[in-house]
Amino acid sequence: MSDTVITPRTRTKPKTERPRLHKVILVNDDYTPREFVVAVLKAVFRMNEQESYRVMITAHQKGVCVVAVYTREVAETKATEATELGRREGYPLMFTTEPEE
Ligand code: TYC
């Protein structure tokens, strides 16, 4: 007979935490044409005309507007891509990211 004691292992399965999401924020400026901002929002964030116009006009009036929320990697890539489209045309259009609380 074996004296081996088999103790049941306590479950140590870690809770899987959801990755923190990051907001993409559109920043107003005085130079980028409204239509160009709308076109960038449609192209990079796959928004329709109405939604992109609403986001553009909100940033225009309030200074900033949250465009969308993604995982950090996707938010940063899209913000860089959208900012770059403006830069290529010589506009100071700016998209930033920040983590959600
Ligand atoms: N304020 C710009 C104009 O009057 C339009 C604009 C809107 C620019 C939103 C940037 O994030 C922006 N031409």
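Let's start at Asn28. An N or O atom in the side chain of Asn28 is 2.8 Å from a nitrogen atom of the ligand. That is a polar contact, meaning a pair of N or O atoms within 3.5 Å. Keep in mind that this is a predicted model, where local features need pLDDT of at least 70, side-chain atom pairs count only at pLDDT 80 or more, and totals for chains, interfaces and linings use all residues. Residues are numbered from 1 along each chain as its sequence is written, and side-chain values use heavy atoms, with hydrogens and water left out.

Next, His60. A polar side-chain atom of His60 lies 2.8 Å from a ligand nitrogen. Thr32 uses its backbone: an N or O atom there lies 2.9 Å from a nitrogen of the ligand. On its own, the ligand has 340 Å² of accessible area (Shrake-Rupley method, 1.4 Å probe). The protein covers 88% of that.

Last, the surface. Leu21, Val66 and Val69 form a nonpolar patch there, about 200 Å² of accessible area together. Patch residues have over 30% relative accessible area and no salt bridge, and nonpolar side chains are joined within 5 Å. Val69 is in strand β2 (residues 64–71).

Note on methods. Patch = residues over 30% accessible without salt bridge, like charges linked within 9 Å, V, L, I, M, F, W, Y side chains within 5 Å. Salt bridge = Lys/Arg side-chain N within 4 Å of Asp/Glu carboxyl O. Helix = DSSP H or I, 4+ residues; strand = E, 2+ residues; numbered from the N terminus. Polar contact = N/O pair within 3.5 Å; in protein donor to acceptor, adjacent residues only side chain to side chain.
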